[in-house]
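Hello,

Here is the structure you will be working with. Please look through it first; my notes follow below.

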Amino acid sequence: MKEIIVSENDSGQRIDRFLSKAFPLSQGQICKLARKKCIKLNGKRCEPNTHIAQNDVIRLFVPDEMLIPKTASPDDFLSASTDIDIVYEDENILLVDKPVGMVVHEDDSGDSDTLINRIKSYLYQKQEYHPEDELSFAPALCNRIDRNTCGIVIAAKNAESLRILNQKIRDRELTKLYLCIACGKVEPKSALLTAYLEKNSENNTVKISDKKTKDNLTIKTKYRVLGFNGENSLLEVDLLTGRTHQIRAHLAYIGHPLLGDGKYGSNKLNRKYGYKYQALCSYELRFKFTTDAGRLAYLDGKCFKAKLPDFAKQFDISLENT
C-alpha cells in the first residue's frame with residue numbers, strides 16, 4: 001500500500017489525471033483499479049473523475065512496481081543555460097523575452113537548450129523548483145511562439161497559476177500584441193481581417209481561403225499601421241484567434257508577407273533587405289480580467305512590453321504610448 005498526501009501543486013485536478021502524471025499508469029489501468037476499490041480517497045472509494053484537494057489522502061493498494069514515480073530529474077534540464085531575458089517575475093509567474101532561434105520545447109532536432117529547460121534550470125538554481133518533491137507538476141509555458149519569432153512567453157511557477165492563466169488565455173482575458181514588418185504599403189491603416197485557415201501537418205504549413213469548408217477554421221486578425229519607411233510597413237497585430245502561423249499566412253494572403261519569412265514570403269525581398277528570419281515579435285502583454293483570477297488577481301490591468309526588436313528601430317516612431 002502506498003499513501004500520498006496531496007500537495008498544493010497536485011490539488012485541483014482529477015485523481016485519474018494526477019495518477020497518470022505521477023506514475024506509469026494508463027487510463028485503463030486507473031479505471032480498473034478504481035472499480036476494484038484499489039484506490040481510496042480519504043478512506044473511501046472514488047471515481048476516476050473525482051477532483052482532489054490539498055491535504056487529501058490517497059491510498060493505493062497496488063504492487064510497488066506499478067508505482068515507480070515519474071519524478072523529473074535535474075539531469076533533464078541542467079544542461080540548458082540559465083540565461084533568460086526576464087520581462088517580469090513574481091512568486092507565481094515569469095515573463096521571458098525569447099530570442100530568435102530558440103525553440104520553446106524540445107523538437108525533432110533534439111536540442112535540449114530550450115526555453116522551458118532554461119526556465120527550469122533558472123528556477124532550480126534559485127531553489128524555487130524542486131523536481132524531487134513534485135509528483136505531477138513542473139514549471140510550464142502558457143503560450144508558445146515559433147523558433148524564429150521573438151518576444152514574450154508566459155511561464156507558470158505553480159499549478160494553480162498555470163490553470164488560471166490557461167483559462168484566461170482561452171477566454172481572451174489576456175491580450176498579446178505583435179509587431180511585424182509587412183512588405184509594401186499596407187492599406188487601409190487599420191482593419192479587421194477575416195478568413196479561413198487549413199493546416200497541412202505533413203509539411204507544417206497552412207492555407208488561407210475566403211471560403212469556409214469542413215476542414216478549415218475561422219481566423220480573425222486585427223492590425224494597425226504604426227509606420228511606413230517608403231517601402232515596407234510596421235504593423236501592430238492583435239490575434240483575435242490564435243491559429244498556427246496565422247499572422248504570417250494571413251498577411252501573405254492579402255499581399256503583404258512578413259519581411260524575412262521564408263515560408264510564406266518573398267525570397268527575393270528577403271535577400272534584398274538581408275532578413276533571414278521573419279520580422280515578428282510578441283511585443284506586448286495586457287492582463288484584462290473579466291472573471292475571478294484567484295491568486296493572480298493582482299495582475300489585472302497590468303501591461304508588460306518586451307524590448308523593442310531590432311527590426312522596428314528603422315521606423316521613426318515611439319511605442320511608449322501606443
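A pocket here is defined on a 1 Å grid over the protein atoms alone: it is an open set of points where a 1.4 Å probe fits, with protein on both sides within 12 Å along at least five of seven lines, and lining residues have an atom within 4 Å of a point. Points are joined across faces, edges and corners, and a volume is the space filled by probe spheres set on them.

This is a predicted model, in which local features need pLDDT of at least 70 and side-chain atom pairs pLDDT 80 or more, while totals for chains, interfaces and linings use all residues. Residues are numbered from 1 along each chain as its sequence is written, and side-chain values use heavy atoms, without hydrogens and water.

The largest pocket has a volume of about 1,200 Å³. It is lined by 36 residues, and Arg144, Ile145, Asp146, Thr244 and His245 are the closest to its centre. Helix H4 (159–170), strand S9 (174–183) and helix H5 (246–253) each give two or more residues to this lining; S9 gives the most, with four. Helices (H or I, at least four residues) and strands (E, at least two) are DSSP runs, numbered from the N terminus.

Two backbone details are also listed. The peptide bond from Glu187 to Pro188 is cis, with omega near 0 degrees, and Pro188 lies in the loop between S9 and strand S10 (190–200). Asn55 is not a glycine, yet its phi is positive, near 75 degrees; Asn55 sits in the loop between strand S3 (44–45) and strand S4 (57–60).

Regards
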